[in-house]
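Subject: A structure to look at, with notes

Dear colleague,

I am handing over a structure for you to look through, and below it you will find my notes on what turned up. Please keep the sequence and the model open while you read.

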Amino acid sequence: MRKYINQLKDNESIDEIYLVTEKQLRPNKNGVFYIQMTISDRTGSVGVRIWNATEEQFSTFSTGDYVRLEGMVQRFQGSLQVIGKSVTVVGASEVDPDDFKKTVQVDRQKLRARLAEIMRGMTNP
C-alpha cells in the first residue's frame, strides 16, 4: 500500500516513490556535500537531506523525476523531514500519475450553488 507524504510519521522508515520538485547540492560547514531536495505527491511535500553526497550521485536524477526514496523520517525544528539513504530514478510507466496530481478538497454542492448564483446575476448573457 502506498505511503503518501501526509501519512509520514516521525521515526518511520520509508521506501516509496515520490516526485522530485526541487534539488540542490550544498556543502556543509566542513565542505562535505549533501543533497537538499523536496519530494511531493498529491497530498503535499516534504524536505529531504542526503548526507555525504557526491556530485555524481546528485547528477543521477533531476527535478521532475520520479524517484524511489529509501530513508528515515525525523522531526527537525518542529517539522518532518526525510534523511535519505538512497535515491533511484523510476520510469513514468512505473507510477500512477493520479498519485501525484494535486487535489483540492471542496464541496461540489457549494461550488454549483455559487456558479448558479453568478449566472443568475448576469444581466447580459
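What percentage of the 125 residues in the protein do buried residues make up? Buried residues account for 33% of them, where buried means under 20% relative accessible area, exposed means over 50%, and partly exposed lies in between, with a 1.4 Å probe and protein chains only.

Before the details, a word on the source: this is a predicted model, in which local features need pLDDT of at least 70 and side-chain atom pairs count only at pLDDT 80 or more, while totals for chains, interfaces and linings use all residues. Residues are numbered from 1 along each chain as its sequence is written, and side-chain values use heavy atoms, with hydrogens and water left out.

The overall picture

The protein has 2 helices and 5 strands, and from the N terminus on these elements follow the order β-β-β-α-β-β-α; helices (H or I, at least four residues) and strands (E, at least two) are DSSP runs, numbered from the N terminus. The C-alpha trace spans about 65 × 35 × 30 Å along its principal axes. The radius of gyration of the protein is 20 Å, whereas a compact globule of 125 residues would have one near 14 Å; this radius is taken over C-alpha atoms, and the globule rule is 2.2 Å times the number of residues to the power 0.38.

Of the contacts in the protein with a separation of 6 or more, 53% are between residues 24 or more positions apart, a contact being heavy atoms within 4.5 Å. The protein exposes about 8,600 Å², of which carbon and sulfur atoms supply 48%; accessible areas come from the Shrake-Rupley method with a 1.4 Å probe, and for residues only the protein chains shown count as cover.

Before strand 1

Arginine 2 lies in the segment before strand 1 (13–27), and arginine 2 counts as buried because its relative accessible area is 16%. The side chain of arginine 2 makes a polar contact with the side chain of glutamate 16 at 2.7 Å, and a polar atom of the arginine 2 side chain lies 2.6 Å from the backbone oxygen of isoleucine 17. A polar contact is a pair of N or O atoms within 3.5 Å; within protein, one must be able to donate a hydrogen and the other to accept it, and residues adjacent in sequence count only if both atoms are side-chain atoms. Leaving aside neighbours within four places in sequence, arginine 2 is in contact with several residues, among them Tyr18, Asp41 and Phe100.

Isoleucine 5 is found in the segment before strand 1, and isoleucine 5 is buried, with a relative accessible area of 8%. Its C-alpha atom is separated by 7.1 Å from that of valine 46, 41 residues apart along the chain. With neighbours within four places in sequence left aside, the contacts of isoleucine 5 include Tyr18, Ile39 and Val46.

Asparagine 11 is found in the segment before strand 1, and asparagine 11 is exposed, with a relative accessible area of 62%. Although asparagine 11 is not a glycine, it has a positive phi of about 65°.

Is valine 67 buried or exposed? Valine 67 counts as buried because its relative accessibility is 0%, and its place is in strand 4. The C-alpha atoms of valine 67 and valine 87, which are 20 residues apart along the chain, are separated by 6.1 Å. Leaving aside neighbours within four places in sequence, valine 67 is in contact with residues including Ile17, Met37, Phe61 and Val89.

Glutamine 77 lies in the loop between strand 4 (66–76) and strand 5 (79–90); glutamine 77 counts as exposed, at 73% relative accessibility, and has a positive phi of about 50° although it is not a glycine.

Serine 93 is found in the loop between strand 5 and helix 2 (108–120), and serine 93 counts as exposed, at 75% relative accessibility. The C-alpha atoms of serine 93 and methionine 37, which are 56 residues apart along the chain, are separated by 23 Å.
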